[in-house]
Amino acid sequence: MVDSYSLPGWAWLLIFILALIGLINIYLAIKGESEEPEFKSYVEDLMHGANWRWSWTGNQISNVWCFCPRCDATLVYDDSFCRTFGQINKTDFICENCNCTVVASISGGDKDYATGAVKREISRRVRTGEYKKH
Ligand SMILES: [Zn+2]
């Protein structure tokens with residue numbers, strides 16, 4: 001019992017260093033968790049003529065939708081073109097508040113395709129760092 005109170009100096013130093021390393025690890029773990037990646041503050045951008053907004057769930061883009069750049073109304077979509085065989089595949093995004101003007105038109109597919117295309121564009125701008133220019 002007495003021996004444990006009279007540890008040599010180097011042993012105390014070793015314990016001190018180990019404790020310090022432990023504290024640094026805990027500090028880094030907390031810091032890493034609380035610090036969000038920079039791109040998570042990127043939640044809106046102008047694409048295809050409309051103002052798109054979304055949120056981040058982990059590193060995934062979710063709830064992506066577009067708004068009118070003039071009056072900020074939520075746009076409604078019209079992908080009826082995609083249901084008609086032989087027509088051009090495109091989805092129009094319309095602002096009801098601005099005399100039903102077609103604000104954005106994304107060709108290539110229906111509403112899901114259009115939001116998918118926007119998600120891909122967001123990911124691309126994040127990857128290339130282009131989003132920082134906004
Ligand atoms: Zn509008």
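This is a predicted model: local features need pLDDT of at least 70, side-chain atom pairs count only at pLDDT 80 or more; totals for chains, interfaces and linings use all residues.
Let me begin with the surface, where W10, L13, L14, F16, I17, L18, L20, I21, I24, Y27 and L28 together make a nonpolar patch of about 1,200 Å². One of these residues, W10, is found in helix α2, which covers residues 9-34. W10 has a relative accessible area of 63%, and because the cut-off for exposed is over 50%, W10 counts as exposed.

Turning now to the charged side chains, the count of salt bridges comes to nine, and I will go through some of them. R53 pairs with E44, and their closest N and O atoms are 3.2 Å apart. Both partners are partly exposed, R53 with a relative accessible area of 26% and E44 at 38%.

In a further salt bridge, the side chains of K90 and D92 meet with an N to O distance of 3.6 Å.

Finally, what is the distance between the closest N and O atoms in the salt bridge of R125 with E121? The answer is 2.6 Å, and both of these residues are buried. R125 and E121 lie in helix α4, residues 111-128, where they are four residues apart, or about one turn of the helix. This pair also belongs to a network of salt bridges that links D45, E121, R124, R125 and E130.

Notes
Residues are numbered from 1 along each chain as its sequence is written. Side-chain values use heavy atoms; hydrogens and water are left out. Patches are made of residues with over 30% relative accessible area and no salt bridge: like charges are joined within 9 Å, nonpolar side chains (Val, Leu, Ile, Met, Phe, Trp, Tyr) within 5 Å. Accessible areas come from the Shrake-Rupley method with a 1.4 Å probe; for residues, only the protein chains shown count as cover. A salt bridge is a side-chain nitrogen of Lys or Arg within 4 Å of a carboxyl oxygen of Asp or Glu. Helices (H or I, at least four residues) and strands (E, at least two) are DSSP runs, numbered from the N terminus. Buried means under 20% relative accessible area, exposed over 50%, partly exposed in between (1.4 Å probe, protein chains only).
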